[in-house]
Amino acid sequence: MKSTIPFLIFFLAFHFISCGSRHPGKECLTFEEMKDPTSDTLSDWSHVSKGLHASFISTDDRMPKSVAPGVSVNKSVALTGWRGEKISAQLLLWSAEEVDPVELEFADFESVDHTLPASVAQARFVRYVMTDEFGPGCGHRKPEDFPASLSADMLDNLPCFHMEAKTVRPVWLTFSIPSAAVAGNYKGTLTLHAGGRPVEEFGIELTVVDRVLPEPSEWLYHLDLWQHPSAVARVHNLEVWSDAHFEKMKPLMKMLADAGQKVITTSIIYRPWNGQTEDAFPSMVNWIRKLDGTWEYSFEVFDRWVEFMMGCGITEQINCYSMIPWRLTFPYFDSAENMIKELHTEPGDPAYADFWGNFLTAFARHLKEKGWFDRTTIAMDERPMKVMQEAIAVIRKADPDFKISLAGSYYPEIEQEIFDYCSGWRHPFPDDVIARRKTEGKFTTYYTCCSEPTPNTFTFSPLEEASYIGRAIAARKADGYLRWAFNSWPLEPLLDSRFRSWASGDTYLVYPGNRTSLRFEHLIDGIQAFEKQRLSGEL
């Protein structure tokens with residue numbers, strides 16, 4: 001399954017720029033952002049003096065691309081973090097004239113007796129993507145019906161950058177404090193280069209606290225961001241499930257693991273969510289009705305995907321979608337007619353119970369052979385209580401020990417059946433239910449989606465909202481957070497975050513080419529805050 005159109009769009013938008021003296025002979029693969037559609041392009045830059053200007057700004061700021069900034073100039077920054085923690089700062093660049101190239105260079109960070117190497121720091125240029133606004137939230141939309149603007153969001157992996165005249169360019173600075181670092185106060189510098197020569201130096205002070213934040217694999221925050229393999233194949237013009245496809249997904253899924261992800265998303269039927277994304281979710285299981293009417297299932301793709309994700313560091317849970325898809329249609333290969341057929345049935349029908357009972361029995365046996373049964377859940381999403389009860393009855397008959405996940409409304413009547421229960425943000429669980437579920441070893445989490453104007457992770461959302469989510473999860477005494485789309489990319493994700501059905505950015509948190517985002521970095525900040533509270537005995 002290949003699509004060449006998006007690839008060609010990206011290829012035609014790319015061009016090369018050559019770095020200066022710090023990277024001799026090095027070329028930076030980059031691309032032109034979409035034109036700023038707002039009146040910001042009329043901003044008066046006449047008061048901006050010649051040369052490249054820079055200042056530290058808040059990490060919560062999204063700066064418009066075409067407006068001459070009126071910021072209080074700050075040439076130094078002081079940050080504090082635990083050993084093992086990732087902390088951030090933001091530097092804003094602006095110029096009334098073209099600057100080529102722009103580069104940044106860290107020096108080592110020195111305390112009285114110890115050194116942190118410059119390699120603990122990373123500078124990434126922030127790219128702008130097109131966004132819209134919340135509007136009605138969920139539901140079909142046309143771009144022309146909503147005001148569009150450019151939003152600073154993507155962190156690009158470039159050693160240098162070409163700045164256009166009369167624009168700003170944020171730079172995201174990340175400091176990964178080693179777990180073995182000695183606590184203390186460290187000072188270092190960041191040098192700004194323009195046109196191949198150094199033009200300014202900034203002071204950075206890192207205070208390392210004598211507490212250790214464990215590796216993300218050891219965090220208890222139950223992070224569940226749904227993965228979308230076929231989106232990666234389409235954007236990179238690769239055959240789904242090919243070796244090249246898995247290789248391309250590796251750094252992306254490693255980035256997810258490094259955020260503390262606990263759950264592997266699997267699709268055990270074709271299109272469990274119908275057509276709500278640019279790319280269909282293929283089934284990772286082949287359903288085959290043999291000539292004698294019995295069933296056979298191929299788990300080859302499912303096994304490879306799970307093993308791949310575990311190899312990336314995501315090992316705790318396998319969620320399998322969905323016994324109750326949004327369109328109650330179940331494709332399978334009919335050997336007698338040598339064709340794909342569809343079964344139309346619903347929970348409560350004898351045909352449904354037979355179809356799923358046969359599968360779940362075989363699936364349980366397979367999972368036990370692989371040693372995965374205890375970490376696997378049969379997962380459903382936003383389904384009514386009555387159909388959930390019918391599906392649960394089928395699951396329990398097939399194997400009473402199957403675990404069940406549900407992201408949707410809180411139903412007291414079935415709550416004790418659900419191992420991993422995720423409620424909508426505006427519908428909190430009772431405090432006593434959360435406390436009891438913790439003692440039972442069950443997960444209780446929250447999700448946001450297209451219906452929450454705030455807090456959320458759209459490309460137009462205030463950045464502090466993504467950080468707030470982890471802190472709010474801690475305040476609710478819950479276990480974690482679910483977002484339905486880690487990488488369900490729209491047609492041109494590097495340029496345009498809008499999508500036909502949801503507000504901009506609802507379908508993804510990171511970008512092709514292993515590029516993170518301001519939203520994702522803030523989400524991680526909130527998760528780290530949750531873990532620090534837990535380790536401090538506050539949860």
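In the predicted model, helix 3 passes helix 4 in a right-handed crossing. Helix 3 spans residues 243–257 and helix 4 spans residues 300–311. On the side of helix 3, the contact is made by Asp-243, Phe-246, Met-249, Lys-250 and Met-253, which meet Arg-304, Trp-305, Phe-308 and Met-309 in helix 4. Sorted by class, the residues of this contact comprise 6 nonpolar and 3 charged members, with no polar ones.

A further helix pair is formed by helix 8 (residues 463–475) and helix 9 (residues 518–535), whose axes are 7 Å apart and pack at an angle of about 25°. Because angles under 35 degrees count as roughly parallel, helix 8 is described as roughly parallel to helix 9. The crossing of these two helices is right-handed. Helix 8 contributes Leu-463, Glu-464, Ala-466, Ser-467, Ile-469, Gly-470, Arg-471, Ile-473 and Ala-474 to the contact. These residues meet a set in helix 9 that includes Leu-518, Arg-519, His-522, Leu-523 and Asp-525, as well as Gly-526, Ile-527, Ala-529, Phe-530 and Gln-533. The contact of helix 8 with helix 9 divides into 10 nonpolar, 5 polar and 4 charged residues.

Strand pairing was examined around strand 13, which covers residues 184–194. Strand 13 runs antiparallel to strand 6 (residues 99–106), and 5 bridges join the two. Strand 13 is also joined to strand 14 (residues 197–212), again in an antiparallel arrangement, by 11 bridges. Leu-192 of strand 13 illustrates both pairings: Leu-192 is the bridge partner of Leu-104, and Leu-192 also stands opposite Glu-200 in strand 14. Strand 13 and strand 14 form a hairpin, with 2 residues between the strands. In the turn of this hairpin, Gly-195 has a positive phi of about 60°. In a regular strand, side chains alternate between the two faces of the sheet.

Along the principal axes, the C-alpha atoms fill a box of roughly 80 × 50 × 40 Å.

How values were computed:
Residues are numbered from 1 along each chain as its sequence is written. This is a predicted model: local features need pLDDT of at least 70, side-chain atom pairs count only at pLDDT 80 or more; totals for chains, interfaces and linings use all residues. Side-chain values use heavy atoms; hydrogens and water are left out. Axes are lines fitted to C-alpha atoms, for helices over the stretch in contact, and angles run from 0 to 180 degrees between N-to-C directions. Helices (H or I, at least four residues) and strands (E, at least two) are DSSP runs, numbered from the N terminus. Angles under 35 degrees count as roughly parallel, over 145 as roughly antiparallel, 65 to 115 as roughly perpendicular and the rest as oblique. A crossing is left-handed if the near helix is turned anticlockwise from the far one by less than a right angle, and right-handed if clockwise. Contact means heavy atoms within 4.5 Å. Ala, Val, Leu, Ile, Met, Phe, Trp, Tyr, Cys and Pro count as nonpolar, Asp, Glu, Lys and Arg as charged, and the others, Gly among them, as polar. Two strands pair if DSSP finds at least two bridges between them.
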